[in-house]
Amino acid sequence: MIDPKSSLQSLTPYIPGRSLESVYQKTGLHAIKLASNESLWGPSPRAVEAAKDSLDRLAIYPEAHFTPVYELLAQIHGLSADNIIAGNGADELLQVIALTYAGQGDEIIYPSPSFSEYRHNTLLTGAIPVEVGLNSEGAPDLHDVLAKITPNTRLIFLCSPNNPTGGILHQDEWQSFLNTLPDSVLIVVDQAYYEFVEDASYAEITQDILAERSVIMIRTLSKIYGLASLRIGWAAAPPPIISTLRRVRAPFSLSQTAWAAAQAALLDQPYIAQVRKATLEARKYMMQEFRRRNYRFWPSQANFVTVELKSQAKSVANQLEAKGYITRPATSFGLPSSHLRVTVAPIPILEGFFRAFDLVT
Ligand SMILES: Cc1ncc(COP(=O)(O)O)c(C=O)c1O
């Protein structure tokens with residue numbers, strides 16, 4: 001049988017969190033999923049209504065680029081519609097960006113431990129993967145990035161807040177980093193967990209996009225907006241980058257149901273503010289509970305907390321699963337085998353989680 005191109009031979013499949021269905025089949029339990037950083041508050045009821053209303057148009061191709069959604073995103077984030085592209089999840093945009101800007105012989109820098117798709121997309125392009133570490137706050141180490149830049153560097157992926165550690169890039173370090181970089185290097189800052197950041201020193205990227213720096217910011221409606229299943233991600237960048245990406249992206253990446261739900265969800269900002277407030281309270285509770293039990297964890301600015309257990313995370317995750325809580329050992333991200341990532345959920349759910357946690361640890 002024909003082999004794939006040689007650069008793809010070390011490609012491994014994405015490892016998702018255990019699904020509710022597979023746990024039900026195995027244990028007969030209707031478990032609670034705290035493994036994939038989805039929103040346990042769910043989407044705005046208005047988004048659900050809009051998705052349902054779109055179902056009478058299933059025979060018709062969707063819009064390729066739905067201007068009302070781009071205009072809403074622009075308005076909410078102080079950008080203009082030609083700064084924006086949506087994709088089939090942030091995942092698709094990360095892939096389109098890598099394939100558009102890098103190829104064989106180029107180098108792509110990305111952090112580790114971090115989201116697995118940076119490495120995956122690097123391998124897809126045939127470029128050379130260059131990994132950098134994290135700093136003590138669990139954010140990509142920008143000094144390490146600077147040390148690893150060569151004339152062949154084309155792309156740099158950064159993740160802030162970083163998944164699975166929750167650390168952020170700060171404005172001062174980001175600005176001095178950006179100022180030392182040539183515009184021939186494209187920096188992609190993945191801000192999938194942007195809305196959960198509380199720290200005022202967080203590096204915002206919007207002003208650098210408006211200043212036409214060589215920067216792309218990645219966001220998603222899969223997290224705080226609670227629409228992971230509909231696959232809606234978006235990116236913002238200077239207009240020349242966006243018009244290139246719009247030419248490269250597949251024409252109908254988002255269904256009309258996704259566009260309709262996105263529009264309604266974006267219009268319901270009071271709902272998002274409510275989910276944000278509840279998530280931040282629950283995150284604080286979760287960190288306090290781990291601290292009270294003398295566990296070390298990565299202080300998180302996202303909707304998850306990664307804790308260092310005193311035994312193997314895989315075994316604890318299996319025991320938690322048998323009690324109805326699906327969590328995620330963080331080994332697949334590159335952390336030690338004692339690290340477990342848990343999604344922040346409403347406090348009553350977390351109370352049940354900690355009762356189960358105490359029984360299995
Ligand atoms: C850092 C990061 N970026 C991107 C994504 C993917 O987002 P989407 O669901 O929009 O593809 C995730 C999903 O967990 C993530 O953690």
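## E212 and the loop around it

E212 counts as partly exposed because it has 14 C-beta neighbours inside 10 Å. The cut-offs behind that word: 20 or more other C-beta atoms within 10 Å of a residue's own make it buried, 12 or fewer make it exposed, and anything in between is partly exposed, with C-beta atoms placed from the backbone. You'll find E212 in the loop between α8 (206-210) and β7 (215-220). Helices (H or I, at least four residues) and strands (E, at least two) are DSSP runs, numbered from the N terminus. E212 has a positive phi of about 60 degrees, although it is not a glycine.

A word on what you're looking at: this is a predicted model, where local features need pLDDT of at least 70 and side-chain atom pairs count only at pLDDT 80 or more, while totals for chains, interfaces and linings use all residues. Residues are numbered from 1 along each chain as its sequence is written.

Most residues other than glycine have a negative phi, and most peptide bonds are trans. N294 also has a positive phi, near 65 degrees, and is a residue other than glycine. N294 sits in the loop between α11 and β9 (296-297), and with 7 C-beta neighbours inside 10 Å it counts as exposed.

Then there are the cis peptide bonds. One runs from S160 to P161, with omega near -5 degrees, and P161 is found in the loop between β5 (153-159) and α7 (171-180). Another runs from N163 to P164, with omega near 20 degrees; P164 is likewise in the loop between β5 and α7.

Across the boundary, 30 residues of domain 1 are in contact with 26 residues of domain 2. Contact here means that the C-beta atoms of two residues, placed from the backbone, lie within 7 Å. On the side of domain 1 that touches domain 2, α11 (269-292) and β10 (304-308) each supply at least two residues, and α11 gives the largest share, 5 residues. That side divides into 15 nonpolar, 12 polar and 3 charged residues.

## The nonpolar core

The largest nonpolar core has 106 residues. A core of this kind is a set of buried Ala, Val, Leu, Ile, Met, Phe, Trp, Tyr and Cys residues joined through C-beta atoms within 7 Å. V188, I216, I218 and A261 have the most contacts inside the core. Helix α10 (residues 256-267) gives the most to this core, with 8 residues. At least three core residues come from each of domain 1 and domain 2.

What does A261 touch? Not counting residues up to four places away in sequence, A261 meets A47, A50, A51, L227 and L230.

## How α4 and α9 cross

Two packed helices are described by the angle between their axes and the distance between the axes. For helix α4 (residues 89-101) and helix α9 (residues 239-248), the axes come within 10 Å and cross at roughly 100 degrees. Axes are lines fitted to C-alpha atoms, for helices over the stretch in contact, and angles run from 0 to 180 degrees between N-to-C directions.

That makes α4 and α9 roughly perpendicular to each other. Angles of 65 to 115 degrees get that label, while under 35 counts as roughly parallel, over 145 as roughly antiparallel and the rest as oblique. From α4, the residues V96, I97, L99 and T100 meet T244, L245 and V248 of α9. By class, this contact has 5 nonpolar, 2 polar and no charged residues.

S36 lies in the loop between β1 (32-33) and α2 (45-53). S36 is partly exposed, with 17 other C-beta atoms within 10 Å. Leaving aside neighbours within four places in sequence, S36 is in contact with P16, G17 and T343.

L11 lies in the segment before α1 and counts as exposed, with 12 C-beta neighbours inside 10 Å. With neighbours within four places in sequence left aside, L11 is in contact with H120 and L123. S10 is in the segment before α1 (20-27) and is exposed, with 9 C-beta neighbours inside 10 Å.

How values were computed: Domains from an automatic or database assignment. Nonpolar A, V, L, I, M, F, W, Y, C, P; charged D, E, K, R; others polar.
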